[in-house]
Amino acid sequence: MQIRSTTEADLDTFLSTLCDAFGSVWQSPGESPWWAAYEMDRHLLAEDAAGRPIGTAGAYSFELTLPGGATAPAAGITGVGVLPSHRRQGVLSALMRHQLEQLRGAGEFLAVLLATEAVIYRRFGYGPASYRQRVAVDLGRGAFAVPVEAGGSIELRHRADCEEELAEVYDRVRLVQPGALSRPAHWWAKGAGRPPVSRAPRHIAFHRDAAGRLQGYACYTIAVTDQQRSLRTLTVEELVAATDEAQAALARYCLDHDLVSTVVFADLPPRSPLRWRLADYRAARTEAEQDYLWVRLLDVPRALAARGYPADGRLVVEVDDPFLGERGRYLLVVADGVGVCEPTGEPTELALDVADLGSLYLGGTRASDLVRAGRIRELVPGAALRADALLGAEREPHCVHFF
Ligand SMILES: CC(=O)SCCNC(=O)CCNC(=O)[C@H](O)C(C)(C)COP(=O)(O)OP(=O)(O)OC[C@H]1O[C@@H](n2cnc3c(N)ncnc32)[C@H](O)[C@@H]1OP(=O)(O)O
């Protein structure tokens with residue numbers, strides 16, 4: 001087997017191999033091709049001894065928002081597949097090793113992905129770092145505990161007429177939301193990905209504040225879900241808001257629809273304030289909850305120095321990276337929210353796998369929970385609670401971008 005980088009000329013081969021891996025039929029480009037934003041110079045093909053393609057892996061170039069409001073480049077791993085005929089022979093492992101070494105060689109220190117199965121990527125150093133819930137609210141129970149602030153307005157548009165406004169609001173909000181990824185301009189230009197980036201018809205409700213400034217949008221569909229009883233469900237696929245007032249106003253708008261019996265918020269972070277807006281706490285039914293963004297640190301000191309911190313303090317961590325055959329002990333010192341991280345000879349306080357550090361990195365997973373789960377070893381009493389305080393974030397990480 002050999003692994004090689006691809007060029008634009010390999011697009012068809014890459015796609016047909018990936019489709020075979022996923023068991024889907026390779027079709028010519030549709031209205032909004034999901035692969036249109038591929039960066040073929042960042043993709044890899046694994047080939048057998050005869051040069052036939054057997055596996056794929058790719059990377060997008062994103063910016064990831066970190067706790068404290070900094071952003072960092074992050075490789076968005078995508079298009080991973082191995083032909084059913086060649087599985088469990090180490091093809092993915094070889095692709096992952098090649099890719100991680102290549103990213104590191106290019107000076108990158110963070111990689112992120114969305115996993116089809118939760119059992120695949122920990123062995124390669126990725127840990128789940130953001131989470132999402134699908135929450136349903138029956139309209140009869142949708143009253144708010146505290147009324148939405150007066151003064152703002154809602155403007156209903158169609159996806160086709162408001163691409164610029166969608167992109168502008170998304171970009172403003174993602175810069176202050178830990179765990180959010182950039183949506184580069186060519187994604188919008190090519191309509192790549194899921195709605196509202198794709199140009200599939202959608203209702204878009206924008207919220208303007210009292211001063212008339214756009215502060216958020218909800219992208220939604222309304223569909224009949226029970227023909228006999230004429231029940232319709234409004235599904236909010238993406239709710240992006242710069243302020244809590246905009247989020248509440250958009251949710252209220254959705255919950256006040258005539259001819260709709262249920263509103264489904266398809267993607268909320270588990271601790272979303274929306275649940276607390278409802279007068280009846282049990283009115284929000286969690287239909288599903290899942291990991292979303294997985295994070296892989298390629299350079300621990302650089303990654304830890306890149307994010308901001310909500311508390312000052314110090315912590316000595318020993319980080320094991322079995323896939324890359326590395327182990328390092330680092331001292332993290334945070335002063336005025338700025339972290340400095342360097343190799344140290346001081347005694348270890350927390351010992352953890354690089355995948356678990358990936359889970360902690362965006363502030364959405366607590367070290368003390370992973371100690372209780374037996375994943376992290378606490379060698380100095382109190383170190384996990386100190387890590388919880390240090391590695392938290394101003395708000396729960398949330399990523400709505402699909403790639
Ligand atoms: C970011 C993304 O694109 S996510 C998309 C991932 N792709 C898919 O889900 C498409 C369908 N699945 C596949 O193509 C393949 O099964 C892959 C890519 C998941 C795995 O490829 P393989 O070449 O079989 O993996 P490889 O042989 O390197 O396996 C390495 C280890 O992971 C384990 N492993 C790999 N995939 C799985 C899985 N789906 N479930 C459980 N264990 C797995 C193997 O058993 C092996 O374990 P070992 O080291 O203890 O022996």
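Colleague: In strand 17, which residue is the bridge partner of A335?

Modeller: This is a predicted model, where local features need pLDDT of at least 70, side-chain atom pairs count only at pLDDT 80 or more, and totals for chains, interfaces and linings use all residues. Residues are numbered from 1 along each chain as its sequence is written. Strands (E, at least two residues) and helices (H or I, at least four) are DSSP runs, numbered from the N terminus. Strand 17 covers residues 338-343, and the partner of A335 there is V338.

Colleague: Which residue takes a positive phi in the hairpin of strand 16 and strand 17?

Modeller: Strands 16 and 17 pair in the antiparallel sense over six bridges. Two strands pair if DSSP finds at least two bridges between them. Two residues lie between these strands, and the one with a positive phi, near 50°, is D336.

Colleague: How many bridges join strand 15 to strand 16?

Modeller: The two strands form a hairpin with four residues between them. In the turn, G325 has a positive phi of about 65°. L315 has L332 as its bridge partner in strand 16. The strands run antiparallel, and the bridge count is nine.

Colleague: Which residue in strand 14 stands opposite A111?

Modeller: Strand 5 pairs with strand 4 in the parallel sense over three bridges, with A75 opposite A111. Strand 5 also pairs with strand 14 (residues 293-297), antiparallel, over five bridges. There, A111 faces R296.
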